[in-house]
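Biologist: I would like to go through this structure term by term. For each label, tell me what backs it.

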Amino acid sequence: EMFDLSGEAAVVTGAGSGLGKAIAEILAQAGANVGLIDVDQDRIESVAAGIAACGGKTFGIAADVSAPESIASAVEGIRGRFGRLDIAFANAGISRGPGFTEAGGTLTGTPQDDWNAVIDVNLNGVFNTLKAVSGRIADGGRIVVTASTAGFRADPMVGYAYVATKAAVLNIVRQAALELAPRGVRINAIAPGPFRTNIAGEGALDVPELNGLWAQTIPLGRMADPEEMKGLALLLASRASSFMTGGAYVIDGGALAL
Ligand code: NAD
């Protein structure tokens, strides 16, 4: 069966919350052993407990994707534990400050610390994760990087560093697709629109005041639930996507169509 991941091993960064949690759940449900990586140990434990309760095989390692040795040793720990690595999601990411309607999102109002922190996680973190994974993943493996619709256009909801990093990782994916294709390793990006996660602080995006904004900017008229990422994640992680590499798959309720 083309969606079956039985006997395979996966790693997911940012697995403690939001999209990473949903991705880890669907990989486990499809039969994979799933290694969870997140900076937040409590979040890892709670996601691992949920997956285990559903009969999935999983465990977590706390690591920071922005620190090359930290992510490399976590990936090695997971590969060692499962004896192989077939699937990797470079998903961890952060957003700092408000959009350009407020000071933190303007050119002069962007704090240097915010710029550096977002570059460290969203750009350096993806590079560090791909570096840690590429030599360890089996021939025929699949890699997925979480970009954003903000990698394709300006976005008033996020700052300069966020749009810069999300555009950058789309091209890193193309470059890596070229490098890894001879081994049959495929790599693709996903580009989500607004999903109800903890990226802006717990529950921050899930407020009625934003309903008007979603109605105006998203043809489907609402934010997405992380559950709605599961289908695309499983497609890209499985043999069902066997001719797909170097691509960027938008999942945004039609936002980019406007
Ligand atoms: P989230 O905050 O709910 O989850 C992100 C997880 O990553 C958290 O558990 C956090 O602890 C972890 N993390 C943060 N920094 C880390 C680091 N340095 N090392 C390891 N783990 C780290 O947010 P989310 O929305 O699920 O974000 C997942 C990805 O989706 C990010 O790359 C984000 O940019 C992207 N994205 C989200 C949306 C959205 O609307 N939620 C839209 C487009 C793209």
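Modeller: Let us start with isoleucine 218. Leaving out residues up to four places away in sequence, isoleucine 218 touches Pro194, Asp252, Gly253, Ala255 and Leu258. Contact here means heavy atoms within 4.5 Å.

Biologist: What should I know about the model and the numbering?

Modeller: This is a predicted model, in which local features need pLDDT of at least 70, side-chain atom pairs count only at pLDDT 80 or more, and totals for chains, interfaces and linings use all residues. Residues are numbered from 1 along each chain as its sequence is written, and side-chain values use heavy atoms, with hydrogens and water left out.

Biologist: Why is isoleucine 218 called buried?

Modeller: Its relative accessible area is 3%. Buried means under 20%, exposed over 50%, and partly exposed in between, with a 1.4 Å probe and protein chains only. Isoleucine 218 is therefore buried.

Biologist: Where is isoleucine 218 placed?

Modeller: In the loop between helix H6 (211-217) and helix H7 (230-237). Helices (H or I, at least four residues) and strands (E, at least two) are DSSP runs, numbered from the N terminus. Isoleucine 218 and leucine 258 are 40 residues apart in sequence, yet 7.9 Å apart in space, C-alpha to C-alpha.

Biologist: On to valine 118. What makes valine 118 buried?

Modeller: Its relative accessibility is 2%, so valine 118 counts as buried. Valine 118 sits in helix H4 (residues 112-134). Beyond its neighbours within four places in sequence, valine 118 is in contact with Ile94, Arg96, Leu123, Ala161, Tyr162 and Thr165. Between valine 118 and serine 95 there are 6.5 Å in space, C-alpha to C-alpha, and 23 residues in sequence.

Biologist: How do you know that aspartate 86 forms a salt bridge with arginine 84?

Modeller: The closest N and O atoms are 2.7 Å apart. A salt bridge needs a side-chain nitrogen of Lys or Arg within 4 Å of a carboxyl oxygen of Asp or Glu. The pair therefore qualifies, at 2.7 Å. The structure holds 12 salt bridges.

Biologist: Are the two partners, aspartate 86 and arginine 84, buried or partly exposed?

Modeller: Aspartate 86 has a relative accessible area of 4%, so aspartate 86 is buried. Arginine 84, at 35%, is partly exposed. Aspartate 86 is found in the loop between helix H3 (68-82) and strand E4 (87-90). Among the residues that aspartate 86 touches, not counting those up to four places away in sequence, are Gly7, Glu8 and Arg142.

Biologist: Which residues are linked in a network of salt bridges?

Modeller: Lys21, Glu25, Glu227 and Lys230. Glutamate 25 pairs with lysine 21, the closest N and O atoms being 3.1 Å apart. Lysine 230 pairs with glutamate 227, again with closest N and O atoms 3.1 Å apart. Glutamate 25 and lysine 21 both lie in helix H1, four residues apart, about one turn of the helix.

Biologist: Why is lysine 230 called buried, and glutamate 227 partly exposed?

Modeller: Lysine 230 has a relative accessible area of 13%, so lysine 230 is buried. Glutamate 227 has 46%, so glutamate 227 is partly exposed. Glutamate 25, at 21%, counts as partly exposed. Lysine 21, at 32%, counts as partly exposed.

Biologist: What makes the side chains of asparagine 91 and threonine 146 a polar contact?

Modeller: The distance is 2.7 Å. A polar contact is a pair of N or O atoms within 3.5 Å; within protein, one must be able to donate a hydrogen and the other to accept it, and residues adjacent in sequence count only if both atoms are side-chain atoms. Asparagine 91 lies in the loop between E4 and H4. At 9% relative accessibility, asparagine 91 counts as buried.

Biologist: Now the ligand. Which residues come nearest?

Modeller: Ser17, Asp38, Asp64, Tyr162 and Thr197, of 28 residues around the ligand. A residue is near if one of its heavy atoms lies within 4 Å. An N or O atom in the side chain of serine 17 is 2.5 Å from an oxygen atom of the ligand. For leucine 19, a backbone N or O atom lies 2.8 Å from a ligand oxygen atom.
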